[in-house]
Amino acid sequence: MSVTYLKRGMPEADRAEDDAKTRGIVESTLKDIEARGDVAVRELSEKFDSYTPESFRLSQQEIDDLIGQLSEREVADIRFAQEQVRNFAQAQRDTMLDLEVETMPGVILGHKNIPVQSVGCYVPGGKFPMVASAHMSVATASVAGVPRIIACTPPFQGKPNPAVIAAMHFGGAHEIYVLGGIQAIGAMAIGTETIEPVHMLVGPGNAFVAEAKRQLFGRVGIDLFAGPTETMVIADETVDAELCATDLLGQAEHGYNSPAVLVTNSRKLAEDTLSEIDRLLEILPTAGTASVSWQDYGEVIVCDSYDEMLDVANDIASEHVQVMTDRDDWFLEKMHSYGALFLGARTNVANGDKVIGTNHTLPTKKAGRYTGGLWVGKFLKTHSYQKVTTDEAATLIGEYGSRLCMLEGFVGHAEQCNIRVRRYGGQNVPYGAAAPYREAAE
């Protein structure tokens with residue numbers, strides 16, 4: 001195997017120090033929110049966002065006024081995007097069926113898919129107002145049937161962003177708060193005097209938001225551990241450098257630490273893409289951000305074969321994997337670790353992020369090895385149940401249960417089985433003993 005890096009990103013060790021600092025800040029901030037509630041939240045909002053309204057929760061009139069600031073075209077575009085997200089989420093929901101089966105005479109087993117009862121959706125808005133993130137979390141939770149959906153977003157340039165608020169409202173949020181960062185995550189999960197805590201947190205955010213979700217996991221559920229946006233382009237000589245460079249920089253503009261990786265078996269394409277990125281960074285309006293990400297986190301990897309490209313891609317397990325080759329479906333079949341795939345030159349990550357209908361809240365930092373992204377199923381809990389309906393089944397299952405409990409030394413467990421063997425089977429099983437084996441039990 002021969003893999004050549006024409007460009008490498010920042011070593012992982014250099015990132016670890018920043019992560020440790022973030023952990024400490026988040027831990028102390030969450031403790032402060034738990035201790036002082038609304039007072040702490042208000043101080044944090046003033047400190048980081050210079051925003052301290054009378055109430056962080058928007059009234060219906062305020063929501064209507066903000067939506068009124070949008071043009072008819074803008075409202076129509078938001079509604080179109082949400083329709084695509086809802087349609088796909090509903091199609092996914094329709095595959096999740098409740099189940100009931102009689103596994104043997106008198107023994108009925110089943111499961112039900114029940115929505116999480118309250119969800120907090122975080123919609124980031126630091127450098128850019130992330131309108132699409134509201135579709136992905138709020139609208140998807142709505143399709144799942146979550147009865148209480150609250151949504152938080154930071155002020156954008158000192159005030160609520162009308163498009164984000166519209167997306168939250170159209171998506172089905174029951175409560176909308178203009179509140180960002182750790183203070184939003186902490187308020188939703190821990191609760192304050194004015195915000196009732198939720199059962200689950202979802203949505204992307206900066207390093208502090210992601211760390212807050214990580215530290216609160218267990219106290220509440222979360223969708224996934226999300227880090228900075230990642231993108232990978234897998235390409236061969238069937239596409240050109242302009243396409244590759246555009247797709248890499250399109251995601252690098254998310255922030256100063258957004259990895260963008262080209263994996264190719266064409267050295268010429270790799271070299272041409274490096275040159276094309278330099279050219280585009282001269283004219284891209286967001287180059288101030290994208291250039292830093294590319295300098296520190298961009299990588300160009302040249303492989304000898306498609307099999308090597310596949311191995312490298314699965315190992316990196318990028319959030320977004322764009323495949324533009326002469327065998328896109330082969331990668332679809334063989335790829336096993338990623339956030340989402342974007343297949344073919346006509347497809348791109350931006351459409352996936354904003355409008356096409358799949359969910360853009362996806363695993364990062366190699367989490368694609370063990371989880372997929374946010375989808376309607378994340379808001380549903382699959383709960384099993386069991387029912388024994390005949391004396392014969394109660395006796396048969398009880399006999400096996402009694403013996404297996406005693407095998408493990410759980411006498412109290414065994415008695416749960418024994419009492420039913422006595423009552424429904426008419427057997428005189430001594431207290432604390434295993435039920436006898438009967439030929440008929442087989």
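Which residue in β3 is the bridge partner of Val 101? This note gets there in point 3 and starts with the whole chain.

1. **What the model is.** This is a predicted model: local features need pLDDT of at least 70, side-chain atom pairs count only at pLDDT 80 or more, and totals for chains, interfaces and linings use all residues. Residues are numbered from 1 along each chain as its sequence is written, and side-chain values use heavy atoms, with hydrogens and water left out.

2. **The whole protein.** The protein has 16 helices and 14 strands. These are DSSP runs, numbered from the N terminus: helices are H or I with at least four residues, strands are E with at least two. The C-alpha trace spans about 90 × 60 × 45 Å along its principal axes. Of the 442 residues, 50% are buried. Buried means under 20% relative accessible area, exposed means over 50%, and partly exposed lies in between (1.4 Å probe, protein chains only).

3. **The three-stranded sheet.** Three strands form an open sheet in the order β2-β3-β14, with antiparallel pairing. β2 (99-104) and β14 (380-388) stand at the edges, each with a single partner strand, so one side of each has no neighbour in the sheet. The twist averages 20 degrees from one strand to the next. Angles run from 0 to 180 degrees between N-to-C directions; axes are lines fitted to C-alpha atoms, for helices over the stretch in contact. Five bridges join β2 to β3 (residues 107-115) in the antiparallel sense. Two strands pair if DSSP finds at least two bridges between them. As for the opening question, the partner of Val 101 is Leu 109.

4. **The six-stranded sheet.** Six strands form another open sheet, in the order β1-β11-β10-β9-β12-β13. Its pairing is mixed. The edge strands are β1 (3-7) and β13 (340-343), and each pairs on one side only. Neighbouring strands are turned by 20 degrees against each other on average, direction ignored. β1 and β11 (residues 298-303) run antiparallel and are joined by four bridges. Within that pair, Thr 4 has Val 302 as its bridge partner in β11.

5. **A helix across that sheet.** Helix α11 (residues 287-297) lies across β1, β10 (260-264) and β11. Its angle to β11 is about 50 degrees.

6. **A covered strand.** How many residues of β5 are buried? Six of the six residues in β5 (residues 148-153) are buried. Arg 148, Ile 150 and Cys 152 point one way, while Ile 149, Ala 151 and Thr 153 point the other way. β4 (residues 118-122) pairs with β5 in the parallel sense over five bridges. There, Ser 118 has Arg 148 as its bridge partner.

7. Ala 91 sits in helix α4 (residues 72-95). Why does Ala 91 count as partly exposed? The reason is its relative accessibility of 41%. Ala 91 and Ala 350 are 259 residues apart in sequence and 22 Å apart in space, C-alpha to C-alpha.

8. **Contacts and surface.** Contact means heavy atoms within 4.5 Å. Among contacts between residues at least 6 apart in sequence, 73% join residues at least 24 apart. The protein exposes about 21100 Å², and carbon and sulfur atoms supply 51% of it. Accessible areas come from the Shrake-Rupley method with a 1.4 Å probe; for residues, only the protein chains shown count as cover.
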